[in-house]
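Hello,

Here is the structure I promised to pass on to you. Please open it alongside this email, and my notes on what I found follow just below.

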Amino acid sequence: MPARLLPSWAWVSGLTVGATAAVVALALQADHGPRPTASARPGPSVSASPSPGAHRPATGKPSGPPALPDDSGSGRRIVYSLGEKRVWLVDATGKASRTFTVWPGTVDPRPGSYSVIKRTQSIPGSDGVQIEHVMYITEVSGVNVAFSNALDGASPPPANGQKLGGIRSNKADGAALWGFGDLNTKVTVVR
């Protein structure tokens with residue numbers, strides 16, 4: 001008996017039904033979350049009490065990035081903490097809209113108030129790395145201190161005894177800082 005061919009609409013309908021079934025199965029699986037594996041151990045129940053000597057999480061400390069330093073001024077500004085190696089972008093209401101860690105150079109500005117005095121889109125850094133989003137804030141002992149990021153997004157190489165005033169960030173944070181900090185934008189440096 002010769003094989004009977006199905007019409008093309010039957011093939012398309014069959015494929016559509018199969019694809020829909022697969023999507024529904026995946027959606028149901030995702031809705032119920034990941035399945036535990038044999039190596040997964042159940043955690044303590046809500047009513048469980050820790051055993052004596054068990055580690056208890058610290059209380060009173062907020063989770064997430066560090067809070068904006070109290071002594072960082074007011075109004076719209078960039079805040080740079082020397083000790084935390086961190087920058088905050090603060091809006092006009094005094095709320096930090098973004099915060100990120102940075103890699104400081106070997107020459108630090110003194111704590112105090114500054115402003116963005118010059119902006120350069122892209123130049124070779126004093127360490128030979130091509131940098132972008134360069135925002136100068138001061139000069140210390142003949143060394144320019146500026147925020148920037150490497151074009152390739154990498155952290156700076158070791159200073160090897162060089163006097164470097166670059167405060168580097170990753171590429172995304174450097175772009176955000178560049179977008180936030182126009183000429184004359186206030187910069188507060190804290191310990």
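Among contacts in the protein chain (heavy atoms within 4.5 Å) between residues at least 6 apart in sequence, 51% join residues at least 24 apart. Please keep in mind that this is a predicted model, where local features need pLDDT of at least 70 and side-chain atom pairs count only at pLDDT 80 or more, while totals for chains, interfaces and linings use all residues. Residues are numbered from 1 along each chain as its sequence is written, and side-chain values use heavy atoms, with hydrogens and water left out.

The protein chain has 2 helices and 10 strands; these are DSSP runs numbered from the N terminus, with helices (H or I) of at least four residues and strands (E) of at least two. Along the sequence, the pattern reads α-β-β-β-β-β-β-β-β-β-α-β. Of the 191 residues, 28% count as buried, a word that stands for under 20% relative accessible area, with exposed meaning over 50% and partly exposed in between (1.4 Å probe, protein chains only).

Rings of Phe, Tyr and Trp (its six-membered ring) pair if their centres lie within 6.5 Å; planes under 30 degrees apart count as stacked, over 60 as edge-to-face and the rest as tilted. By this rule there is 1 aromatic pair. The ring centres of Tyr 80 and Phe 147 are 6.0 Å apart and the planes stand at 85 degrees, so the pair is edge-to-face. Tyr 80 belongs to strand E1 (residues 77-81) and Phe 147 to strand E8 (residues 143-150), so the pair ties together parts that are 67 residues apart in sequence. Both Tyr 80 and Phe 147 are buried. Leaving aside residues up to four places away in sequence, Phe 147 touches several others, including His 133, Met 135, Ile 167 and Val 187.

Charges sit over rings as well (NZ of Lys or CZ of Arg within 6 Å of the ring centre and within 35 degrees of the ring normal). Arg 76 lies over the face of Phe 180, 3.9 Å from the ring centre, and the charged end of Arg 119 sits over the ring of Trp 178, 3.6 Å from its centre.

A few loops are worth a visit too. Thr 185, in the loop between H2 and E10, counts as buried at 7% relative accessibility. Its side chain reaches the backbone oxygen of Asp 182 at 2.8 Å. Gly 94 lies in the loop between E2 and strand E3 (96-101) and is partly exposed, at 32% relative accessibility. The C-alpha atoms of Gly 94 and Ser 74 are 6.2 Å apart, although 20 residues separate them along the chain. Leu 164 sits in the loop between E8 and strand E9 (166-169) and is buried, with a relative accessible area of 9%.

Enjoy exploring!

How values were computed. A polar contact is a pair of N or O atoms within 3.5 Å; within protein, one must be able to donate a hydrogen and the other to accept it, and residues adjacent in sequence count only if both atoms are side-chain atoms.
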